[in-house]
Amino acid sequence: MTDIVRENAVPPAAVKRGATPTQRMLQIAFARSDFRIGLIGFGLLVGLAILLPLVSSIDPVKIAYSSKLLPPFPAEGWKWPYLLGTDQLGRDVLMRCLVGLRYSLLIGVTTVVLMFIVGCSLGLYAGFRGGWADAVIMRLTDAQLSIPMIILAITILGVSRPTVPAIILVLGLSGWPLYARVARSVALGERNRGYVLGERVLGASDLRIMLLFVAPVVLPPIAFVAVLDIARMMIFESILGFLGLGVQPPTPTFGNVIADARKYLLNAWWIATMPGLFMLVSLTCLNLMGSALERARNAVLRGEA
Amino acid sequence: MSGPILAVSNLGVELQRAGKTRRVVDDVGFALAPGEVLGLVGEAGSGKSVLARALVRAISSPLEIVSGKVVFEGKDILSADRRELMAIRGNRIGFIGANPMGSLDPRLSIGSQIVEKLRSVKPGIGRAEAREKVLELFGRVRIPSPDARFHEAPFQFSGGMMQRVMIVDALVSDPSLVIADNITQPLDVTVAAQIIRLIDDLRQSLGTAFLFISSSLPVVAQIAERTLVMQRGRIVEEGRTEDIAANPGQAYTRTLISRIPPIWNNVSAPVATEAEAVLKIDNVTRTYRVRRRNTFNGFNAVKAIRGVSFTVKARENFGIVGESGCGKSTLTRLLAWLEQPDSGCIAFLGKDLSQLSSRSLTEFRKSFQLLLQDPYGSLPANMPVQRMIEEPLLIHGVGKAEAARLAQEAMAEVGLSMEFAERLPVGLSAGQRQRINIARALVLKPQLLILDETLSALDQVEQAELLDLFTRLQATHGFSYVFISHDLALVRRMCHRIAVMYLGRIVELADNATLFEHPHHPYTRALLSAMPTLEDNRFPRSRYLLDGEPPSPIELPSGCSFRSRCPRAQGDCQRIDPPLLVIDGGNAAACLHMHEALTEKETADVE
Amino acid sequence: MFVLSFLLRRLLQGSLIILLVTFIIFTLLRVVPGDPARLIVGGMAPDEVVAVKAKELGLDRPIPVQFVSYLGTLATGDLGTSFVRPKSGASLGGAAFDDQTREERAKVLDLILATLPMTLQLAMVALVIALLVAVPLGTAGGLYPGRWPDKLALALGSLCVSTPNFWLGIVLTLFLSVKLKFLPAIGYRGFSYTILPAIVLAVEIVPFILRTLTVSVAQVMREEFIQLAPIRGLSRSRTIFSHALGNSAIPLINLLGVQLGMLLGGVLVIEFIFDYPGLGLLTINAVLQRDFPLIQGIAIFISVMFVAINILVDLIAMTIDPRLEY
Amino acid sequence: MEFNRRAFLKSSALAGVAVGLPVLNTAFFVDPAHAADGKALNFMSAENLTGNWDPSSHTTLAQINLESFVFGYLTRAPMRPDNPDELVMELATEMKLIDEHTLEFKLREGVTFHDGKPFTAEDVKATFEYASQPDRPAAWYPGTCEVEVVSDHVARIKTDKGGYPASLFWFLSAFLPIMSAKDVADPKTLSARPNGTGAFKFVRQDGNTTVLEAFDGFYLGKPTLPGINFNFVGDATTRTLALLNGEADLIERLEAEQVQSIEEAGGFKLNKAVSVENKYLWFRCSKAPFNDPRLRKAAAHAIDRTVLLDILGVSGHASKAWISPVKFGYVDTPNYPEFNPEECQRLLAEAGFPKGEGLPELEYITSVGFYPKTKEYGEVIAAMLQEQGFPVKLNVMEVAAWNERLYDRPGGGPGHMIDCGWSTGSPEPDLVLRTHFHSSSKRICGIEDKDLDAVLDKERNTLDPAARKAVIQNEVMPMLAEKVPSLSLFTSVFIHAMRNGLDGMYFYPNGMMDANKATLA
């Protein structure tokens, strides 16, 4: 049925000249309400995370023991300015959530970017070149895939104590094979597509074809899926924190805040739950934006704009 | 003759998109008598496929049936309830689509799926009975060894065999009407001709009415008694097929007919001239190693190209024709130097390409360019048009500004409006896309263009326009063309010399007039006989059409590879693999008995 | 024979993977600070004892030599002996001085095989729960893209993927086990102890199934043979159940095979929280105790499982879709 | 053919699944979830066992706790803070110091081991002579000793060859499990299963559960409890949840918040006991910069221990000495380094680092997952030290990594400060003082100081308990307050929580338990 519809597609209205596909994609995405909700929510959170700790007088790492375990508003016993209560050492939960958001996003996003770049370039290369390169890269991928993250984590984090870069390295290492696999399978499909052959005939080098033509086709769908992985990476970071291999104090991340607060969960639920909520909201916003962008991109490529 | 089996009146379908409404099917009305074959002709986009689906109410958003009646066997389909609809669709009305390979679940055996369909439209039939019925029909549509093939999945069938399967699927419930929507479109000419002959046989023995839809009037003319002509959603002409072909009443029908390229009547075939050679192919072979299924480390040698030699001269149009699997696409890749031959030599302008360094090869590539078949897949979807045309120049190190200037010149030359410069290829028609491809090749100032089925995705009008463009470009730039095509009419119009390929080998190489008027190889004749045409075919099907399908390139018959289907085959054909034997005028054919049977009846009427 | 040649090829590939994993893990563990000899004899033992132990274990040789000899023992199916665990398999703390009076240490393979069934049981139950939730919803989401089931699937997926398992584990225990006394948790004394951890594990699996299934069902529904099915006279339910779902299952099955490693990360934490005596708890204790032969053995064992499960997955996928045979 | 192959494929895939099934747990459908399995006591331990049942092979607290159920001791030391010196007779009925190097025990008659062998002086001889060998890992014994068997039920410990006073065994007698002579002669059996004279006998090891059952022949009569299941559950929250949902009857090592949850839940009771364990901040005294006592003292003055106690809540008890208040010789050291920023700054300046300027980055290592709230108060201590100008970097490690870094090594241990506690199940102070601060041992801090060695030797060689106590209180502690090889932060309070139905348990300050009079409703 789609064939019929395509066959009968209304000729696209003349589009403003000068608008690149990316701009058009963003325009469409902006027009969608889910994208706007996601963007506003995410922007608000990130803005708060950047600005509030700068202007607020509350120090997220300053220990104020006298005001420990204050419940959040509006539970009985809450105190201004601790809207979301305080933690086991009397630090403001809101402020720690916001600062934690910064670090967690830093870790989550950097990790995903890292594994995206490593995984996709290896996968693309393997899929595009085929033959020996493919065989070697894919066996390596399988091997990496079958080593549980946790074992990788203790070995690497055992060598260099858990710093943010080391954690990113560990998470990235354990995550790239999936991307390599996906990128490879897509590249394999693209390898014999007309436009690739076309470029070859024109005399383009493999590298040019891969970077300029295959990558823009292959990568965006994977990139949108990668948004989901930001969440996973943030959670893995917290599992490391839970095992004592997380980011070292006093730096708060969602991971170590939730992990530390786990034992207070029965008494002071808010310490672990608030960062969890922040995480949930920010990730849902990211997801909304991601899926809206994906749809916008499809719309652009289908010519509905 | 009783009343009509199907009576359509005032049928209207609308397409809604982006707030706009367009009538895709408009006020259509016609009637179909029992056992009749009614043709429906229209160009791509005329709304015939939508009409076909509207008849069985298989229309979904963004399309909507807005008016009319479809009375089938006395019942209005459009107002029938679910249960009544279920009793008609797939049961009383069968449907065959244009994509046989995608029409069944790829995972399951075809037999079980047809049985499933039969039992779901006729719940009373038992499993064994249904199976019997399906097997019987398999035999009737001449699927070889039906018992074994019953258990095979769609991917194990060729397109032609799969279309036969779909015919069984449509006929299995003994429908009184079958809607055949463009069923020969994806098939090779000989296979399509076989299918049409098959349908003609079946409907005579079964008495089933057919609504036979096609974009080609010659195809319809082979089978339909009456024909409807559709244009932009409306029926513009209706009448007996012969009358329409001979005396079209409407202007639109006349243009349709005028666009059908002549093959024998009033043809001015291009005449070969002498010139220096541009491209020289000498005894080229290419064999692929394909992993053998069901073995640990076994490989099959697929002989895709077997000792092909020819020469393309300057300013010459050289045609290569053949059906699926004949090695055309491999040859294309070899000619475009995307792959290297296993043996033999491809020389361009006197230089053996395999001897060139990769630098000079890149430089050399500018002079021979390939235009690909698929106008949709061959353009990167995310690049604006002008940038795409600049691309080849950028690859070869031309500056940005210079590239933009040359690209704009090329766009003008191929007739692309500058409005498209910043647009994505999406929404452009196939013709416009191919113009982009031509422009991309053009900016490199090549000497040879290889056209791999370049025009096959285009409708007649666009094809004609592009052919004019090719001629014009050849006049200005002095190109040579290699047309690789399955379309004999196109080759007839454009090419000076033509090679016919069968199973990786050239079976006949001749100038245009010889090939079409006095072909020497039986396969060439079979191809010509299968051509749908409104003219009287010089090679009537009853005499020349082949049966069956080509053997697998993995297990070629010994001796002459055509002998398994050849009506002239004799004992020595089994032993001797004939080379291209030179006849007169530089023509050649690969047949041991080419002079013997020129006048005899040539059909292997095994059935 | 087709299956045999397929198995043979895959097993060869698999052994290559396992060899690679073994080498990576072996080298990594040798590079980590934390002298195995010191660990065996305990923190307070004199240095001479450590040196003697190191010589006894051959730890003073170069790593490649050690690796080759390790492979030698591995080839006989011997994954080595735990540093700290006794035959009884109890988890141990306080590394003790190595002396001749000590009870024999447990075989790594025995430890793994003893805990594996528990983890398999947990994984199976979790998978069943996840499938029960995600398959109907994911299918509905794919059938009605952009409508509420799709949105619900997206929302549930986001929610599940953003919930830390150790947080959820405690909350669920608190409500379902402590407050409502609905299900037992902590430890293992019968099948019902599997349910709560399995729910938590299922929450981790659900988003992947949802996402894959929604996409693949939507994709299959656009296929020609599905579009044609009503015209051929098949009912919608029949089309969906016998054709659409079967075709959408293949990417899902492949995903499950590939995601095994990731799932194991979840099993680890969940078993720890619920004190569930499976492979995950064994791993986490091995890690916390730096029981290197055990860690190494588990890593190799998991890669063997990974290879085996992926072969199994391919076999299943091939029975579903004959096109995949090659 | 094709059809058959497909069918085969299908069945082979199914077979793969089927092979997976039989290895599933056999108790699949048996669900004793809430079924009462006798009334055995389910205990959840915070620490795991060593797997070597030879009591002289380890220093692991959990196993010491388990041994207290299974083994008998010559005496028991209830170690109540009001009377830390009290001893209760168990396998001995009387003990007396005959001369400086001889301690005589009269032994209880009619006691049998779990394997049926009667208990005699031979067993005491075997135990003491075996376990006091210097290569036994536990090293609780001050040195080698010999035992003279006077009669079947009289034994004399002789320490003249070991060169230390026999009086040291006075309190140690409460901490040394008595093994059977038969087992000592056969080390394999000794380490394969525990065999004592205690109220409960070892039945089997079930994964992480050690199953004990009541011993019929216990000399005080068979205990009411039919048995004890000794489980290892590392995570405190998990233990708490297990108690709350009824999986456990008794759990140990709780923190303030968990205590609060348990109290709020109702139906449970708590036992809080000031323990023998002090938590210390150890300085690496053998390397710069903490080889300078002024700097160590400055650091001690920077730390406000009241805040730490506040964080610990019920699980901490204020103390001002290097041994716990339940130990022999405890005193509130008068010159104990208290929180005093001015003094801290003065000492810093004196040591040449005014306001901490010029100090290298100081690594402070702590563990997470075993001791309560280490990470929390670690953060607080780091903050306090930073406040005074110490450039401290806190490094929180999982237990294994921390343990690997704990002990002193030549050139000083890793990091500059490390958090650790020390717990010994006897009132004997030398198990802490001499172990850590004498240059012959210096386990963690690595201090070598002649003055300190001198007072420690003097203290050990003083025979009269009263005089010895005076030496500890007036000389050893004040000197430690001057040298500060480590700072004792507080004394741990061991908290056990149990169901209301559990009565009659006795908890020793080192975590050992006595269940022979306990009942479980």
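Where in chain B is B:Arg142 found?

## An arginine in a loop

B:Arg142 sits in the loop between helix 4 (127–140) and helix 5 (146–149) of chain B. The model described here is a predicted one. Phi of B:Arg142 is near 60°, a positive value in a residue other than glycine. Most residues other than glycine have a negative phi, and most peptide bonds are trans.

The contact between them involves 16 residues of domain 1 of chain B and 15 residues of domain 2 of chain B.

On the side of domain 1 of chain B that touches domain 2 of chain B, the elements giving two or more residues are helix 7 (189–206) and helix 8 (217–221) of chain B. That side of domain 1 of chain B has eight nonpolar, five polar and three charged residues.

## The sheet with strands 1 and 2 of chain B

An open sheet of chain B consists of four strands in the order 2-1-4-5, with antiparallel pairing. Strand 2 (20–32) and strand 5 (75–76) of chain B are the edge strands, each pairing on one side only. Strand 1 (residues 6–17) of chain B is joined to strand 2 of chain B by nine bridges, and the two run antiparallel. B:Ala7 has B:Ala31, in strand 2 of chain B, as its bridge partner. Helix 1 (residues 48–55) of chain B lies across strand 1, strand 2 and strand 4 (63–72) of chain B, and runs at about 65° to strand 2 of chain B.

Strand 1 of chain B also holds B:Asn10. Phi of B:Asn10 is near 50°, a positive value in a residue other than glycine. Why does B:Asn10 count as exposed? B:Asn10 has 11 other C-beta atoms within 10 Å, and a residue with 12 or fewer is classed as exposed.

## The sheet with strands 11 and 12 of chain B

Another open sheet of chain B has four strands in the order 12-11-14-15, and here the pairing is antiparallel. Its edge strands, each pairing on one side only, are strand 12 (299–313) and strand 15 (351–352) of chain B. Eleven bridges link strand 11 (residues 277–291) of chain B with strand 12 of chain B in the antiparallel sense. Among these strands, B:Val284 has B:Val308, in strand 12 of chain B, as its bridge partner.

Helix 11 (residues 328–335) of chain B packs on this sheet and touches strand 11, strand 12 and strand 14 (343–348) of chain B. The direction of helix 11 of chain B makes about 60° with that of strand 12 of chain B.

## A buried strand and its hairpin

Is strand 20 (residues 505–511) of chain B largely enclosed or largely open? Six of its seven residues are buried, so strand 20 of chain B is largely enclosed by the rest of the structure.

Strand 19 (residues 497–502) of chain B pairs with strand 20 of chain B in the antiparallel sense over six bridges. B:Tyr502 stands opposite B:Arg505 in strand 20 of chain B. The two strands, strand 19 and strand 20 of chain B, form a hairpin with two residues between them, and B:Leu503 in the turn has a positive phi of about 50°. Strand 20 of chain B is also joined by two bridges to strand 22 (residues 588–589) of chain B, and these run antiparallel. B:Glu508 has B:Ala589, in strand 22 of chain B, as its bridge partner.

## Two helices of chain C

Helix 8 (residues 195–221) and helix 10 (residues 236–258) of chain C pack at an angle of about 140°, their axes 9 Å apart. The crossing of helix 8 of chain C and helix 10 of chain C is right-handed.

Residues making the contact include C:Phe208, C:Ile209 and C:Leu213 of helix 8 of chain C, and C:Pro251, C:Leu252 and C:Leu255 of helix 10 of chain C. By class, the residues of this contact are ten nonpolar, four polar and no charged.

## A cis peptide bond in chain D

D:Ala288 and D:Pro289 are joined by a cis peptide bond, with omega about -5°. D:Pro289 is placed in the loop between strand 14 (268–283) and helix 9 (293–302) of chain D.

Methods: Residues numbered from 1 in each chain as written. Chains lettered and ligands numbered in written order. Predicted model: local features only at pLDDT ≥ 70, side-chain atom pairs only at ≥ 80, totals over all residues. Contact = placed C-beta atoms within 7 Å. Nonpolar A, V, L, I, M, F, W, Y, C, P; charged D, E, K, R; others polar. Pairing = 2+ DSSP bridges. Axes fitted to C-alpha atoms, helices over the stretch in contact; angles between N-to-C directions. Left-handed = near helix turned anticlockwise from the far one by under 90°. Buried ≥ 20, exposed ≤ 12 C-beta atoms within 10 Å, placed from the backbone.
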